[in-house]
Structure formats: structure tokens, C-alpha cells
Amino acid sequence: MATEISGINNSAFTQALDQIKEAGKPGQSSSVAQTDGLDFGAAVEAHARKAVDIAKTAEMNNMKAINGEVDLPELVQSVTNAETTLRTVVAIRDRLVQAYQEIIKMPV
Amino acid sequence: MSNIQLMNINSISTSGMHAQSQRMRIISENVANADSTGQTAGEDPYRRGTITFKSVFDRETGANKVEIAKIGQDGSDFPQKYEPSHPAADENGYVRMPNVNMIVELMDMRQAQRSYEANVMMMDGTRSMVRKTLEVMRG
């Protein structure tokens, strides 16, 4: 069960983070102001790195728990952190995609 | 309630859970050894174990976590039981029994259980707070 959950975390994470990185890159969507896009992209990428670290810790603790090396509270702590981070990342991605789509809808 | 806050709260609750499970361990040792007398009249029986906690300031998170201060022993007198046939009976037929009171240990166990559950509820409550906050973004 633990590995299944972490497997879901991993694939959803990878996709979400990739999409966020794409949305945050400057020059990708010409309708976004260039200066804003530069800072925003860097900030988003920094946050994405942190999120990946959290997911990696959770994955490691999962494997250790299966081997019996890590205590139950630690495992619950890391899985809760990873789950919350995943939710945050997905919510941000959804908003970014929504904003992008609304901008695209604008008649030129 | 930021993500960092959530992780700090989680680590605080984890330290609480560790402390309470250590307490549970000492209690279960006491309960298991409630009848462990010495082998001879001169030898002491099992002495009840005690555990104390202390608050520790964790520098990197800035939080007050809990830690085991000391695992000690209860210094009270051993009760005496009249059993002349016991190998550890003295010349009057009295055997010194461990100073473990079963009722006290069971109440302590319930306390440890409730404290542990309270720590788990902290984790759960914080998690639902963060979720509710994220739902605002979804709309």
C-alpha cells in the first residue's frame, strides 16, 4: 500500500512539476509581461525543487519502513508532508493552466 | 499556515509520539515484571521504572520539542508478602515483592495512550487546516 501511494505521488509530482516549470518559463506565452515572467519562473522553479526534495524524503522513508528501519511517526510525518506538498503543487498548476487558458481565449 | 509551518508541527508531534511510546515501554516493563522477585532472600526484587520528560528547544525549526529527561527507578519500599515456601523467603517467611502497583500502571497506560492520540490529532488537525486553505485556490 505504501509503495502504491508513493508511486502515485511520484508520477503526479513529475507531471505537475513539469507543467509548472513550462508555465513559469519566460517567452513561452508572449501575452505575459516579460519582466514578470522572469522572476516568477525562477521563484516557481525554486519551489518545485523543494517539493521534489520532500517527495524524495517520503519515498526514502517508505522504503526504510518496509525494511523496518524507520519508526511509524517518522513515516507518517514524511508521507503527510509529501501529500500536502503534492496538493499545493497541483493547486498551483491548475490555477496557472486556468490563467493561461483565459489569456489564450482573449481575441487578438 | 504555510507548508513550512505544517512540517514543523509534524516534527513536534512526532517527538511527542516518540516520548509517549517510550513511556508505554516503561509501563509495559513494569507490568510484565510485577511479580519478578529476587532469587534469594538477600537479592532485591524488580524495582519499578520511572520516566521523566523535558522540553528541548530545537534550533533549526525554532520549536519546543519533548525529549526523555531520565529513565530512573522508583525508590519506594518493597511490599512484603507472606510465603514461607518461596525460595526468596527470609527467616520469617516474608518475600519482598516488586513495588509495582497494577492500578497505577494501568492508569498510566491510559494517560500515555490519550497523550499519544492527542499528538496524532494535532497532525490530523493541521493537515485539514492546510487542505481547507488550498481549497480556496481551487475555486
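User: What makes the pair Arg127(B) and Glu83(A) a salt bridge?

Analyst: In this predicted model, the closest N and O atoms of Arg127(B) and Glu83(A) are 3.2 Å apart. A salt bridge requires a side-chain nitrogen of Lys or Arg within 4 Å of a carboxyl oxygen of Asp or Glu, so the pair qualifies. The count between chain A and chain B is 2 salt bridges.

User: Why are H3(A) and H2(B) called roughly parallel?

Analyst: The axes of H3 (residues 72-105) of chain A and H2 (residues 102-138) of chain B cross at roughly 5° and come within 9 Å. Angles under 35 degrees count as roughly parallel, so H3(A) and H2(B) are given that term.

User: What makes H1(B) roughly antiparallel to H2(B)?

Analyst: The axes of H1 (residues 3-32) of chain B and H2(B) cross at roughly 165°. Roughly antiparallel applies to angles over 145 degrees, and H1(B) therefore falls under it.

User: How much area do chain A and chain B bury between them?

Analyst: About 1500 Å², 61% of it on carbon and sulfur atoms. Buried area is the accessible area (1.4 Å probe) that two parts lose on being put together, summed over both. Of the area that chain A buries against chain B, Pro73(A), Gln77(A) and Arg87(A) supply 31%, more than any other three residues.

User: On what basis are these values given?

Analyst: Local features need pLDDT of at least 70 and side-chain atom pairs pLDDT 80 or more, while totals for chains, interfaces and linings use all residues. Side-chain values use heavy atoms, without hydrogens and water.

How values were computed: Residues numbered from 1 in each chain as written. Chains lettered and ligands numbered in written order. Axes fitted to C-alpha atoms, helices over the stretch in contact; angles between N-to-C directions. Helix = DSSP H or I, 4+ residues; strand = E, 2+ residues; numbered from the N terminus. Parallel < 35°, antiparallel > 145°, perpendicular 65-115°, else oblique.
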